[in-house]
Amino acid sequence: MRQKYCNLPEKQTSFPSSAKLELCWKDGLMQVREKGSDGSLFHVPSLDEYYDDMNVLFHIRSCGPVSSYAYQRLRLLQTKFELYTMVFGDQESQDAMDTGHRDFYNVRKVDTHIHHSAAMNAKHLLRFMKKKLKRFSEDIVDEKNGVKRTLKAVFDDMGIGWTDLCIDRLQVWADKSCLHRFDRFNNKYSPMGQNELRTIFLKTDNAMGGRYLAELSREIISDLEESKYQHAEWRLSIYGRKKSEWDNLSKWVLGRGKGDGKPLLSQNIRWMIQIPRLFALYKTTGQLNHFGEMLENIFTPIFEATLFPEKYPDVAEFLQHISGFDTVDDESRSEKPVDRTFSSKNLAPQQWDIADNPSYKYYSYFIQSNLRLLNMFRHQKGMNTFAYRPHAGEAGEVHHLDTAFLLADGINHGLNLRKSMGLQYLFYLAQIGLAMSPCSNNQLFLAYEKSPFPVYFQRGLNVSLSTDDPLMFHQTKEPLMEEYSIAKQIWHFTSVDLCEIARNSVLQSGFPDDLKASWFGTANFTEDNKPQSTNVPNLRIAYRRRVYNEETHLLHGNADDTEDIGAMCNLLLLSPSKRLPKCSLSDFGIENMEQKIRPYPSTLPAGGEETELAILDGEQQGGLADLGEEVDWSVQQRLTPHGSQANMRKLGSQAFEQLTHKGSFDMSRRGSISLPHEHSGIMNEKAQDEFLHRLTAEIMHTKPDRRELFLAAGAAALLGCIGGLALGLLRKR
Ligand SMILES: [Zn+2]
């Protein structure tokens, strides 16, 4: 069902030249036609079909048995992950150590959801405002009815000098008052509650041509470039009030007669377009007549720039730097409708002339459908295409996520997936990207500790971390790192976890494929993983893929419950002989995996489990049992006295050396002994130390040799005999 809305069809073999094409609006959808014909060259599902599909989807995902099944599967996925990290966590961190200089700091990470006008932190904005007021107070920043005002005049009118400026006075930080009050949060975009300052400092379209915001942006870009590995997808608004918005915005970004005169382009940023759902406001203020007009203002300029790039060079060029479209507004708001009938499909966009806002699904359909028509057209012309990545499931009705499941390539937030197991499972299966912002949610809708992020992550949903609005939510110069850092502290993420989330963020983002390929070290980056570039061990990727494949096999009826239980048992693996063959991933087409990612393959004995058990020294088994701890099988088998005593002694002393010098015990690099670290939960640190001391003591002070025993026994017997003879002789006397 989703494919019908999201797949990009193959290029048409014969396609008319641009000169023979014309653009025409019909029922809120842009049609690309051949001149003289009245049929569109591209097609998307109709509004009726979409509403029907929404209904079907709603009934499927909310039906009792489906919910139960989805809930059970998701719980199982989570448990599998917990088991996996218990068993392989140490192997993973060892693998991550082997990736050379790569670590979390120098893997690529993208801020997949960030609004441009709040991309700087409050301190940065404050410093910038102070600088301007102190040194450039004569700048003309406002012009109303022919009256020009300087920056100094604006601040004087507010009764504020540059020495008065401080963070507290700026009032841009989100606080307790914003919880469940998106309207109050929106006011935080205005420094000191002054809309005028917002226009001067944070808008692209003002009396200065958005020069201040361009200068600020350049400062943030240089910070990002300095960090090198951090990237962002900044969202700029297209409101749909006027057709000229696109031209203005393009000129601002490209620095042509607007902004600060230089292009705002960098390898560290991509632009996204956000469409605020504010039709009702524009209608009441008389800026628009009907909803169709809003769609026309948004889409006509970009269709035209696609059809005739030479006529609209600025827009056409700007489009090349855009990775996708977003739609934003308060999802929790449900105002009392005046004229809405709630069967919105009865009204075509050009008939929507009432002052009520259309519903989320209505908005989404028209934005996504026109975007998809545009994508088909651009794809046909060999141009870049755009993803649809709306805000969805931040608050409000759960059915916003039904819409997102059908239409979106990725979403921002997705908090409400926690309320519908059916949908959450579908999002897992479709691997739709979720750009989540727990710090933002914490201030607006959901306390940090209640965030579903760690659960989604464990279950294998495609999640990334993003900042949303650093101006309101973050305090440091590196807001994205702050986001990762808090998540790491609260949820105990390992370095491998963080690198996996960073990898997800790059995959979700709209940076060009060739750039991603160079970051990931392989052209086929969606399939192949190069741990040297991502710092994510192949073991983790293989685990995710295997579990995902098990899930789809089960759904397609290619596997049944027994196999599923079998797979679980293999993960529990109490025996290394079972661990090795069952971990083989060749069934799932993963053959190029390096052998070393399989745990302990080179040291396994040739025989089966019985032989392994047999060769384990009885006394040793008893000794381990005394420790009262379950010991990882792989450890036991490695300690069996295979080789000569000299070898054992060497092994023991190496182990002892490692333990005393490094404090940790890990020799898998040398292919000899490997013991779990403290994370493993198989053997805790105390038990491990105790065990090693006993082991070392046992090996270092070896028992007397059998020959010596015989000699001693012989000597004792001889002495006994002599003693006996002597006693006999004495008695006779
Ligand atoms: Zn947002």
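Predicted model: local features only at pLDDT ≥ 70, side-chain atom pairs only at ≥ 80, totals over all residues.
The chain has 733 residues, of which 38% are buried, and its secondary structure comprises 32 helices and 13 strands. Among the contacts between residues at least 6 apart in sequence, 68% join residues that are at least 24 apart. The largest nonpolar core contains 132 residues, and the members that touch the most other members are Ile 302, Phe 325, Phe 405, Phe 427, Leu 434 and Val 463. Helix α14 provides the largest share of this core, with 11 residues. In soluble globular proteins, nonpolar side chains tend to be buried together.

An open sheet is formed by 5 strands, which follow the order β3-β6-β7-β8-β9 with parallel pairing. Strand β7 (residues 269-276) is in turn joined by 6 bridges to the parallel strand β8 (residues 322-328), and here Met 272 lies opposite Gly 324 in β8.

A further open sheet has 4 strands in the order β10-β11-β12-β13, and the pairing is parallel. Its edge strands are β10 (391-392) and β13, each with a single partner strand, so that one side of each is left without a neighbour in the sheet. Strands β11 (residues 410-413) and β12 (residues 433-436) pair in the parallel sense over 3 bridges, and Ile 411 stands opposite Leu 434 in β12. Helix α21 (residues 495-508) packs on the sheet and touches β11, β12 and β13, while its direction makes about 100 degrees with that of β13. Leu 434, one of the core residues that touch the most other members, is in contact with Ile 411, Gly 414, Tyr 456, Leu 461, Asn 462 and Val 463 when its neighbours within four places in sequence are left aside.

An antiparallel pairing is found between strand β4 (residues 140-144) and strand β5 (residues 147-150), which are joined over 4 bridges. In this pair Glu 143 stands opposite Lys 148 in β5. The hairpin of β4 and β5 has 2 residues between the strands, and Asn 145 takes a positive phi near 50 degrees there.

The buried residues in α2 are Leu 47, Tyr 50, Leu 57 and Arg 61. Since these cover an arc of only 80 degrees around the axis, they are placed on the same side of α2. An α-helix has 3.6 residues a turn, so residues three or four places apart point the same way. The face of α2 turned away from the buried side carries the exposed residues Asp 48, Glu 49, Asn 55, Val 56 and His 59. The elements covering the buried residues of α2 include α3 (64-97), α14 (360-380), α15 (399-407) and α16 (421-430).

Finally, Asp 468 is found in the loop between β13 (463-465) and α19 (470-473). This residue is buried, with 30 other C-beta atoms within 10 Å. Beyond its neighbours within four places in sequence, Asp 468 is in contact with His 113, Ile 114, His 115, Ser 437, Ser 440 and Phe 473. Asp 468 and Pro 438 are 30 residues apart in sequence, with a C-alpha to C-alpha separation of 9.4 Å in space.

Key: Residues numbered from 1 in each chain as written. Buried ≥ 20, exposed ≤ 12 C-beta atoms within 10 Å, placed from the backbone. Arc of directions from axis to C-beta. Contact = placed C-beta atoms within 7 Å. Core = buried A, V, L, I, M, F, W, Y, C linked by C-beta atoms within 7 Å. Pairing = 2+ DSSP bridges. Axes fitted to C-alpha atoms, helices over the stretch in contact; angles between N-to-C directions.
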